[in-house]
Amino acid sequence: EKEKRKKAPAYQWQDTALRVIKELSIPNFKRSSIFKACRDNSQAVITQALTDTKELCKTGEKWKYFLKILSSKK
């Protein structure tokens with residue numbers, strides 16, 4: 001396996017996006033949507049959506065649930 005280089009994110013929202021991707025096992029093809037969501041929403045909104053997703057979405061594709069929660073908050 002290729003060695004992964006850790007590069008510090010330039011912005012807090014990037015760090016948040018990486019955490020969401022890791023915690024919800026976001027597939028590669030949906031990562032750009034997560035980065036956009038984290039850039040366009042406050043840290044508090046993202047954290048709440050992440051918490052809700054982990055509590056309420058026990059099966060299926062968690063990224064769909066996460067993005068659905070975010071779209072309902074706008």
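Is Phe-29 buried or exposed? At 58% relative accessibility, Phe-29 counts as exposed. Keep in mind that this is a predicted model. A few points from going through it:

1. **The Phe-29 pair.** By the ring-centre rule there are two aromatic pairs here. Phe-29 and Trp-63 make up an edge-to-face one, with 5.7 Å centre to centre and 85 degrees between the planes. Phe-29 sits in the loop between α1 and α2 while Trp-63 belongs to helix α4, so the pair ties together parts that are 34 residues apart in sequence.

2. **The Tyr-11 pair.** Tyr-11 and Trp-13 are stacked: their planes are 10 degrees apart and their centres 6.1 Å apart. Tyr-11 is exposed at 52% relative accessibility, and Trp-13 comes out as partly exposed at 23%.

3. **Helix α2.** This helix covers residues 31-40, and its buried residues are Ile-34, Ala-37 and Cys-38. Looking down the axis of α2, you'll find these buried residues within an arc of 95 degrees, so they line one face of the helix. As a reminder, an α-helix has 3.6 residues a turn, so residues three or four places apart point the same way. The cover over the buried residues of α2 includes α1 (12-23), α3 (43-56) and α4 (62-72).

4. **Cysteines.** If you were wondering about disulfides, the structure holds zero. Cys-38 is buried, at 3% relative accessibility. Cys-57 is buried too, at 6%.

5. **Thr-53.** Thr-53 itself is found in helix α3, and it is buried, with a relative accessible area of 0%.

6. **Ser-25.** Have a look at the backbone here: Ser-25 has a positive phi of about 50 degrees, although it is not a glycine. The residue lies in the loop between α1 and α2. Ser-25 is exposed, with a relative accessible area of 60%. The loop between α1 and α2 is also where Phe-29 lies.

Note on methods. Residues are numbered from 1 along each chain as its sequence is written. This is a predicted model: local features need pLDDT of at least 70, side-chain atom pairs count only at pLDDT 80 or more; totals for chains, interfaces and linings use all residues. Side-chain values use heavy atoms; hydrogens and water are left out. Buried means under 20% relative accessible area, exposed over 50%, partly exposed in between (1.4 Å probe, protein chains only). Helices (H or I, at least four residues) and strands (E, at least two) are DSSP runs, numbered from the N terminus. The arc is that of the directions from the helix axis to the C-beta atoms. Contact means heavy atoms within 4.5 Å. A disulfide is a pair of cysteine sulfur atoms within 2.5 Å. Rings of Phe, Tyr and Trp (its six-membered ring) pair if their centres lie within 6.5 Å; planes under 30 degrees apart count as stacked, over 60 as edge-to-face and the rest as tilted.
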